[in-house]
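Please read this briefing with the sequence and the 3D structure in view. It moves from the whole chain to single residues.

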Amino acid sequence: MSSINGVLPIDKPAGPTSHDIVARVRRALGVRRIGHTGTLDPFATGLLLLCVGSSTRLAEYISAQSKSYSARMRLGVTTDTDDLQGSTIASSEGWRHLSADQLLRAFEQQKGELQQVPPQYSAKKIDGERMYDVARRGEAVELAAATVTVHDLRVTAVELPQVDFEVDCSTGTYIRSIARDVGAMLGVGGHLVALRRTRIGSVRVEDAVSLDQLSDPEAVRTRLIAPAAALGEMPRVTLDATQIGAIRMGKSVGADAQAPEGTPIALVSVEEELVGIGECLGQRLHPRKVFSE
C-alpha cells in the first residue's frame with residue numbers, strides 16, 4: 001500500500017498516545033509519510049485523522065476545522081492536570097448541595113466566544129517548549145487566555161458528582177479547561193474523567209477504522225477519505241481544465257469566489273479531485289499549495 005494517499009480516520013482507544021497510533025499505522029500500511037491532525041490525550045478515545053502520503057501537506061487545514069466531543073467530568077476534585085491523570089490539589093463536598101439550575105447555569109456560561117486559559121499540562125508551546133515539559137519540572141507558567149468558540153454545549157446526564165456533556169467547538173478548545181472552569185464557577189472544583197472525540201469537520205467517528213482493522217486492506221481502502229472530502233468545512237471553487245493548468249504552473253486565475261482575503265480555499269476539479277489550496281486577492285485566486293495529478 002505504498003502509493004496510498006488520503007486521510008485515514010482512526011478510532012483511537014484509550015491508552016496509546018497519538019504518536020503511538022501514527023507509528024502503528026506506519027507499520028501496518030508500510031507508509032512513512034503519515035502525520036496526525038491534532039493529538040488526543042492517552043486516556044481519551046475517538047476520532048484521530050491521519051494524513052497519508054502527499055496529504056500530509058493538508059494537516060494544518062484539517063486540524064483547523066471544528067470538532068465535537070462527548071465528555072464526563074467529576075465535581076469536587078481539582079487536579080493539577082485538569083483530568084484524571086493528575087494529582088489532587090483540592091477537594092470539596094460542596095457538590096452535594098448543588099441544584100440542577102446552578103449546574104446548568106455554569107455550563108451555559110461556557111458557551112459562545114470565550115477567553116480560555118489552557119491547562120498547565122498541555123501540548124501548547126511557550127517560548128518553543130511544550131507546557132507539559134515545563135509542568136513536569138515543577139514549574140508554573142502564567143498562561144495567557146486564548147480566544148476559542150464553544151458553538152454548543154449540552155449536559156446529557158447528571159449523576160453527581162459526575163456530569164456527562166457534549167461539546168461542539170472551534171479548534172484550540174480544551175475540554176479539560178471547560179471541566180475545570182465549570183467546577184470553579186460552582187465553587188467546588190472539577191476535572192475531566194473521560195473524553196471521546198466524535199467529529200472533526202465533516203468526518204465522524206462512525207466513519208473511522210479501528211486499530212484491529214488496519215491489517216485488512218479492504219477496510220482501510222473503503223474508509224480512506226479523499227483529500228478534497230476531508231476539507232469539508234473549507235470554502236471551495238471548482239476549476240475548469242484551463243484554470244487547473246494555470247494553477248499547477250503557479251499562476252493566479254480569475255474567479256468570483258466569495259471569501260475574505262487570506263481565507264484558505266480548496267481548489268477542485270469537476271471530478272472533486274483536489275488541485276490545490278488557494279486564496280482570493282482582489283478578483284483573482286492565487287495558489288498557496290499545488291498538488292500534482
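Predicted model: local features only at pLDDT ≥ 70, side-chain atom pairs only at ≥ 80, totals over all residues.

Residues are numbered from 1 along each chain as its sequence is written, and side-chain values use heavy atoms, with hydrogens and water left out. The chain has 8 helices and 18 strands; helices (H or I, at least four residues) and strands (E, at least two) are DSSP runs numbered from the N terminus.

**The chain as a whole**

- Of the 293 residues, 46% count as buried; buried means under 20% relative accessible area, exposed means over 50%, and partly exposed lies in between, with a 1.4 Å probe and protein chains only.
- Along the principal axes, the C-alpha atoms fill a box of roughly 70 × 45 × 35 Å.
- Among contacts (heavy atoms within 4.5 Å) with a separation of 6 or more, 66% are between residues 24 or more positions apart.

**Helix α8**

- Helix α8 covers residues 241-248, and its buried residues are Gln243, Ile244, Ala246 and Ile247.
- Seen down the axis of α8, these buried residues fall within an arc of 165°, so they line one face of the helix; the arc is that of the directions from the helix axis to the C-beta atoms.
- In an α-helix there are 3.6 residues a turn, so residues three or four places apart point the same way.
- Ala241 and Thr242, on the other side of α8, are exposed.
- The cover over the buried residues of α8 includes strands β14 (236-238), β15 (253-254), β16 (265-268), β17 (274-281) and β18 (284-290).
- At the start of α8, a side-chain oxygen of Asp240 comes to within 3.2 Å of the backbone nitrogen of Thr242. This is a polar contact, that is, a pair of N or O atoms within 3.5 Å; within protein, one must be able to donate a hydrogen and the other to accept it, and residues adjacent in sequence count only if both atoms are side-chain atoms.

- An open sheet is formed by 5 strands in the order β14-β16-β17-β18-β15, with mixed pairing; two strands pair if DSSP finds at least two bridges between them.
- β14 and β15 are at the edges with a single partner strand each, so one side of each has no neighbour in the sheet.
- β15 pairs with β18 in the antiparallel sense over 2 bridges.
- Val253 has Leu285, in β18, as its bridge partner.

**Lys67**

- Lys67 lies in strand β4, residues 67-75.
- Lys67 is buried and has no salt bridge; Glu233, the nearest side chain of opposite charge, is 7.8 Å away. A salt bridge needs a side-chain nitrogen of Lys or Arg within 4 Å of a carboxyl oxygen of Asp or Glu. For charge, Lys and Arg count as positive and Asp and Glu as negative, and His and the chain ends are not counted.
- The side chain of Lys67 reaches two backbone oxygens: that of Ser63 at 2.7 Å and that of Gln65 at 3.0 Å.
- Beyond its neighbours within four places in sequence, Lys67 is in contact with residues including Val167, Asp168 and Arg197.

- Leu153 is in strand β10, residues 146-159, and is buried, with a relative accessible area of 8%.
- Not counting residues up to four places away in sequence, Leu153 touches Phe107, Gln110, Lys111, Phe165, Glu166, Val167 and Ile178.
- Thr45 is in strand β3, residues 45-52, and is buried at a relative accessible area of 18%.
- With neighbours within four places in sequence left aside, the contacts of Thr45 include Lys12, Leu40 and Arg197.

**Backbone details in loops**

- The peptide bond from Leu160 to Pro161 is cis, with omega near 15°; Pro161 is in the loop between β10 and β11 (162-169).
- Asp82, in the loop between β5 (77-79) and β6 (88-91), is not a glycine, yet its phi is positive, near 70°. Asp82 counts as buried at 6% relative accessibility.
- Glu272, in the loop between β16 and β17, is also not a glycine and has a positive phi of about 65°. Glu272 counts as partly exposed at 41% relative accessibility.
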